[in-house]
Amino acid sequence: MTPDAEDYSRLTPGLPWLEALQTEGRRRFADLGLPTPRQEAWRFTNLGPLGRLPWRTAPPGSTTLVPESLPSVVPAGGPPSHRLVFVNGTWRPDLSSPGALPEGVVLTGLASALTDHAGLIEAHLGRLAAVDGHALIALNTGFLASGALLALPAGTVLERPVELVMMGAGTDAERPLAWHPRVLVVAGAGSRATLVEHHVSLNRHPGFANLVAELFLAPGAQLRHYKVQRENPESFHLATVTGRLQHDAGYEGFLLTTGGRLSRNEVRLVLDGAGATVTLNGAYLVRGRQHCDTTTLIDHAHPRGTSRQMFKGVLDAEARAVFQGQVLVRPGAQRTDGHQLHRALLLSDQAQIDAKPELEIHADDVKCSHGATVGDLDDDALFYLRARGIDRDCARALLIAAFVNEAIAEITDPTVATAFEALADGWLTPG
Amino acid sequence: MLEITNLHASVGDRPILKGIDLSVQAGQVHAIMGPNGSGKSTLSYILAGREGYTITEGAVTLDGRDLLAQAPEERAASGVFLAFQYPVEIPGVSNATFLKAALNGVRRRRGEKELDAMEFLKLTRVKCRQLGMTDEMLKRAVNVGFSGGEKKRNEVLQMALLDPRLAVLDETDSGLDIDALRIVADGVNALRGPDRAMLVITHYQRLLSYIVPDRVHVLAHGRIQRSGGKELALELEARGYAEFGVDEAA
């Protein structure tokens, strides 16, 4: 994979710090190359097929779309969300509707934010997602051309969700497009917001989204961060989410994946102050030859942190999934309470799952646990439903939905929970 | 209505049923009593179509149609209803979703119009009221966190909604205290009717004081050893199953 040289630094020329950062990113990526299965963190996910495609960096898009046709978790007719729309990674103000925002809140495309909020961005961009040692972050940084900035002053509460709609619209199967957006969230002390990401494809052409998010949660800030990725089965989707929670901050994340040929969500959260809480749940439903990787690192660096993770996976046909869940409790992070659960349903003999939970504990007064199960549907439950007149396929779909909905039910925003449940149901009853 | 003829069945290589003959007419309630391991539950599962049993000989028909060739969901539509000894808990599926899927599954196969959400709710409320139940348990996940009595009442509610020709009650009294037993039995009795047959499977006579059968059969060693009127149940209660070569104290 050789990114095009002419596409460098479309973000904003003339900012020396940014140009230096991007140059460093490109240099690092040139050194590192794409990760390979020889690296422990990538043992079960082979990016070989991605590296063999002749990617080119997506030009600014002009795809014609109507905003009404764009996905949203908010029911039509109700109060709208604050929505930013991206096509092939480029922010499209003409399709976006950020709406009225409380005093001091910034929600805009990263490129335009650099004009008015360069100081804020300089203070945060690349601080959590460091280019050294992480090829995908280096690649994203080097070719960073767009993204979103959400900044919340201390004490601000956003009642309605912020939605980032990121759409792939490839034009050519022979020369697929790649984009490297950055999501930057700077949540001031005690602020609260809900951020929803939609990743979809507008056609059948392959795309490569290499997303990096940096989430800064000041003391007491509460961020709900929900993501659904349902790109077409030719696409590659790699996301690296980095976050830092100061004391008493709270993060609630949910990752719903039904799309992509090869996808990976790598979430790295540091509980960098006492009493921070992380809830990170997710569900993936994959079939065909899809490959879905979920890799999490919850880094308990201070006392009294809480982390809860529940992931549910459903695999059919020849699909493969990877779950790597690492919980790190550093010395001094006493009274940490960490739980992790990963459960997968294999609906076919050819489906495959590699699960690797990893607890690394360097403090003595902690409560940590993990659990992992892989199985088939419960025969007793299946017979019970069929004995009541529910046909076999319908009974299976009910049980699979119930399995997945146990995770989705953990989403505290009821509108998002309803929308995600419907998306999971849509996977179960295609067409 | 239900005709069981020379039914032999095994699990793996082990024969469990060794030639059952039984005929139940519409409107009748028959009890099948027997010690543990006699094949009572096997018989009920075979009628409902559970996998894992091999029928080596014999036939079962309901209203003249071969039952053994039908999938479990087809039998439900044909009118077979098994009230489970241990109703299965299904986390994540609400009782309302379950009941509606079941009712509409059966109605579709019977060539009847499916009910929409409003019609379903109305019908279910009527049935709940007839059975002296609240509709609060509709919102909960199927049998999850239900007491023993609630689970059995939920079975009776399902029976009322699905309106079966043949109801098979497998050890319905197990796990119930006397008050719960009375409530469940009242529900079952309310569903007795001239078009419906019932097969009440039980170890103990106790249940038969509340659901009074027309006929009682003793099942032991995979065969019906003796048949009689309701007084046979009292006789068994007094004398146990010893005369059928079963020593339950052992």
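A polar contact is a pair of N or O atoms within 3.5 Å, where within protein one must be able to donate a hydrogen and the other to accept it, and where residues adjacent in sequence count only if both atoms are side-chain atoms. This is a predicted model, in which local features need pLDDT of at least 70 and side-chain atom pairs count only at pLDDT 80 or more, while totals for chains, interfaces and linings use all residues. Residues are numbered from 1 along each chain as its sequence is written, chains are lettered from A and ligands numbered from 1 in the order in which they are written, and side-chain values use heavy atoms, with hydrogens and water left out.

**Stop 1: between the chains**

Select chain A and chain B together: between them there are 9 residue pairs in polar contact, both residues being at pLDDT 80 or more. On the chain B side, the elements that give two or more residues include α1 (40–48), β7 (90–94) and α3 (95–109), helices (H or I, at least four residues) and strands (E, at least two) being DSSP runs numbered from the N terminus. The element that gives the most is α3(B), with 8 residues. By class, this side of chain B has 21 nonpolar, 6 polar and 6 charged residues.

In terms of contact (heavy atoms within 4.5 Å), 33 residues of chain B meet 15 residues of chain A. There are also 5 salt bridges between the two chains, a salt bridge being a side-chain nitrogen of Lys or Arg within 4 Å of a carboxyl oxygen of Asp or Glu. To see a salt bridge that involves B:Glu51, select that residue with A:Arg386, whose closest N and O atoms are 3.9 Å apart.

**Stop 2: a strand inside chain B**

Now select residues 197–202 of chain B, which form strand β10; 6 of its 6 residues are buried, so the strand is largely enclosed by the rest of the structure. Here buried means under 20% relative accessible area, exposed over 50%, and partly exposed in between (1.4 Å probe, protein chains only). B:Ala197, B:Leu199 and B:Ile201 point one way from β10(B), whereas B:Met198, B:Val200 and B:Thr202 point the other way.

Two strands pair if DSSP finds at least two bridges between them, and β3 (residues 29–33) of chain B pairs with β10(B) in the parallel sense over 5 bridges. Within that pairing, look for B:Ile32, whose bridge partner in β10(B) is B:Ile201. Strand β9 (residues 166–170) of chain B also runs parallel to β10(B), joined by 5 bridges, and there B:Leu169 has B:Val200 as its bridge partner.

**Stop 3: strand β19 of chain A**

Moving to chain A, select A:Gln340, which lies in strand β19 (residues 337–346) and is buried, with a relative accessible area of 3%. A polar atom of its side chain lies 3.3 Å from the backbone oxygen of A:Gly325. Among the residues that A:Gln340 touches, not counting those up to four places away in sequence, are A:Phe323, A:Pro357 and A:His370.

Then select A:Asp337 and A:Lys367, whose side chains meet in a salt bridge (3.9 Å, N to O). A:Asp337 lies in β19 and A:Lys367 in strand β21 (residues 367–375) of chain A, so the pair ties together parts that are 30 residues apart in sequence.

Technical notes: Ala, Val, Leu, Ile, Met, Phe, Trp, Tyr, Cys and Pro count as nonpolar, Asp, Glu, Lys and Arg as charged, and the others, Gly among them, as polar.
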